Amino acid sequence: MAPEGGRPARGEGARSGGLLLVCCEGVTYSYPGSSRPAIDRLDLRVSAGEYVGVLGPNGSGKSTLARLLNGLLRADSGRVLVAGYDPAEEPWEVRRRLGVLFQNPDNQLLAPFVEDDVAFGLENLGVSREEMRGRVRAALEAVGLSGFERREPHTLSGGEKQRVALAGILAVEPEVLVLDEPTSMLDAAGRREVLERISALRGERTVVHITHHLDEILDADRVLILNGGRLVAELAPEELVREPELLRENRLVLPPVLRLAAALGLGFCRTPEELARAIAGQRVW
Amino acid sequence: MRLELEDVHHVYAPGTRFEVPALRGVSLAVEPGEVLAVVGGTGSGKSTLAQHLNLLLKPTRGRLLVDGEDARGMKLGELRRRVGLVFQFPEAQLFESSVRRDVAFAPRRLGLGEDAVGERVRQALAELEISHLADRSPFSLSGGERRRAAIAGVLAMDPEVLVLDEPTAGLDPFARAELLGLVRRFRERGRSVVLISHDLDEVAEVADRVCVLERGRVRALGTPEEVFYANPALAPATVRVMAALGRAEAGRPVRFADTLQALKELLEG
Ligand SMILES: Nc1ncnc2c1ncn2[C@@H]1O[C@H](COP(=O)(O)OP(=O)(O)OP(=O)(O)O)[C@@H](O)[C@H]1O
Ligand SMILES: Nc1ncnc2c1ncn2[C@@H]1O[C@H](COP(=O)(O)OP(=O)(O)OP(=O)(O)O)[C@@H](O)[C@H]1O
Ligand SMILES: [Mg+2]
Ligand SMILES: [Mg+2]
């Protein structure tokens, strides 16, 4: 929960309560020494409460976008606004409102103990020690790591690291959560738990969910596809199944349930159970 | 090459407050020419197991056998050349100033001539579709690009057993499919692959056998059909569809193509 600052809203990137929370206009960014922009004339708008999925091939600029949104990188040209603030100018204002779960949990865990890592984001929010302790405990419990408070992050398994990183952002619950492949190291059950936790934030929080697993964002309000730093498509998840060409061009493959449904001439099915029902409905045994 | 873990136990930080029994009596063999998938929940011991296959970690108890002989009798360098391990976090094995140099590191250490080294590097980069990244620093790559570079580095060593710890995490769907192709080609040459993966759908496509770890113990070990149909809650999408349908006459397909075929027959039948 972002505290109310005394800043006036600026431009169209209205503050919380307003509609537009994240706004990129003609944003271009090239890494130093690189001849090709990693983000190329990107226009993007995300409104408060939206759940947006982001897909795209390896190297298409997804993580770069996340870094631009939290002010780790500064756009070469164009404009980025988060809740009315330019992340490169006022990173701390932005980071109180927008939290990024970075792709590699290994680079993200820096504190000596798990509990310090989870508390890190809270420290800048002026939360009391007592409340902090409570929130850390609750966040660790939410990711199934109760009792890991005093473990050293570098001794954790891959999935444990990813869960700790996730607990860090859940403890803060910022207005906007940017999740860069949040389940890449989790098993199926863990993935489901995390996805449920994310969808529980729906409407209350704004979520930008980057992933290579199309099935994770079938419930999103909107799906964006990046390729070569450009936004090449923006569509509803159900529309993906009708766009084989678009999928191919962007190195995307439908998850098995959707591929089976398509090959059998059945409609849009999200889960194996839904597909089984659709098949059973085709036939009277 | 046949690898065998014999009643392997591994305890991290023994004698401290944070002692973790990560493996608790694991016995299994990796047969020549097979793809053995290792699956299991967070912290179940998969990465710990992987690192025992080339003795990067030493068993607290139990042993590793290579073609029936205790691996402690082998030179470690030799073992690690023949058993190539790709870590769960690729950062752990990338260190050179360019991707090309990184991939060349292992073949160069084998004492190959520069031409042979160059050829291996070229092949490995092409196989992982990262030839265009050869001169980049491994640390300036995207997540998926970096993982491919790490895999190329181990491939260039031309190991007899390839141990891949979550190799498809962070790969885009095409790259994921291509990696499965690479695994199949490796098997066709009579070599074996240990594939650790959270993605049961991909395990379904390539595994000859599946080992399920649970809290440091082998909970199940068998063909994909045996393992997945015994517990459809922890199975790939194909098996979950078949289980939800509950039509025994459709058989027990696991792979996508077989499942599609079975479902078609069921609908037409
Ligand atoms: N630190 C860096 N220095 C130079 N180039 C970089 C750096 N980080 C990323 N790049 C390049 O910028 C492009 C976009 O990278 P980015 O990490 O945003 O991709 P991504 O879409 O997140 O990919 P992935 O799916 O593999 O995580 C890629 O071509 C990558 O090689
Ligand atoms: N260096 C270490 N010191 C102490 N404990 C460790 C260390 N490495 C791993 N562990 C613990 O050992 C257990 C097994 O870890 P391992 O990394 O083998 O799990 P995993 O099955 O690979 O999990 P994941 O799917 O999350 O990668 C975990 O509980 C982990 O916390
Ligand atoms: Mg990325
Ligand atoms: Mg692991």
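In what follows, Lys and Arg count as positive and Asp and Glu as negative, while His and the chain ends are not counted; the place of a charge is taken as NZ of Lys, CZ of Arg, CG of Asp or CD of Glu. The structure is a predicted model, in which local features need pLDDT of at least 70 and side-chain atom pairs count only at pLDDT 80 or more, whereas totals for chains, interfaces and linings use all residues. Residues are numbered from 1 along each chain as its sequence is written, chains are lettered from A and ligands numbered from 1 in the order in which they are written, and side-chain values use heavy atoms, with hydrogens and water left out.

On this basis, chain B carries 37 positive and 39 negative side chains, and the centres of these two sets lie 5 Å apart. In chain A there are 35 positive and 42 negative charges, whose mean positions are 1 Å apart.

Chain A contains ten helices and nine strands, where helices (H or I, at least four residues) and strands (E, at least two) are DSSP runs numbered from the N terminus. Its radius of gyration is 20 Å, close to the 19 Å that the globule rule gives for 285 residues, so chain A is as compact as a globular protein of that length; the radius is taken over C-alpha atoms, and the rule is 2.2 Å times the number of residues to the power 0.38. The C-alpha trace of chain A spans about 65 × 45 × 40 Å along its principal axes. Of the 285 residues in chain A, 55% are buried, a term that means under 20% relative accessible area, with exposed meaning over 50% and partly exposed lying in between (1.4 Å probe, protein chains only). When the contacts in chain A with a separation of 6 or more are considered, residues 24 or more positions apart account for 62% of them, a contact being heavy atoms within 4.5 Å. The accessible surface of chain A comes to about 12100 Å², and 49% of this belongs to carbon and sulfur atoms; such areas come from the Shrake-Rupley method with a 1.4 Å probe, and for residues only the protein chains shown count as cover.

Two residues of chain A may be described in detail. A:Thr28 is placed in strand S1 (residues 20–29) and counts as buried, at 14% relative accessibility. A polar atom of the A:Thr28 side chain lies 3.0 Å from the backbone nitrogen of A:Arg41. Apart from neighbours within four places in sequence, the residues in contact with A:Thr28 include A:Pro37, A:Ile39, A:Arg41 and A:Ser77. A:Pro91, in turn, is found in helix H2 (residues 91–97) and is buried, with a relative accessible area of 18%. The C-alpha atoms of A:Pro91 and A:Asn70 are 6.5 Å apart in space, although these residues are 21 residues apart in sequence.

Chain B has ten helices and ten strands. A compact globule of 269 residues would have a radius of gyration near 18 Å, and the 20 Å of chain B agrees with this. Its C-alpha trace spans about 60 × 50 × 35 Å along the principal axes, and 53% of the 269 residues count as buried. Among contacts in chain B between residues at least 6 apart in sequence, 63% join residues at least 24 apart. Chain B exposes about 11200 Å², of which carbon and sulfur atoms supply 49%.

Within chain B, B:Thr48 is found in helix H1 and is buried, with a relative accessible area of 7%; among its contacts, leaving aside neighbours within four places in sequence, are B:His10, B:Tyr12 and B:Leu57. The loop between helix H1 (46–52) and strand S4 (61–66) holds B:Asn54, which counts as buried at 5% relative accessibility. Not counting residues up to four places away in sequence, B:Asn54 touches B:Leu76, B:Leu79, B:Arg80, B:Val83 and B:Leu85, and a polar atom of its side chain lies 3.1 Å from the backbone nitrogen of B:Leu56.

Most residues other than glycine have a negative phi. B:Leu55, however, has a positive phi of about 55° although it is not a glycine; B:Leu55 is placed in the loop between H1 and S4 and is buried, with a relative accessible area of 5%. Phi is also positive, near 55°, in B:Asp158, a residue other than glycine. B:Asp158 is found in the loop between helix H5 (143–155) and strand S7 (161–165) and is partly exposed, with a relative accessible area of 28%.

Terms used:
Polar contact = N/O pair within 3.5 Å; in protein donor to acceptor, adjacent residues only side chain to side chain.
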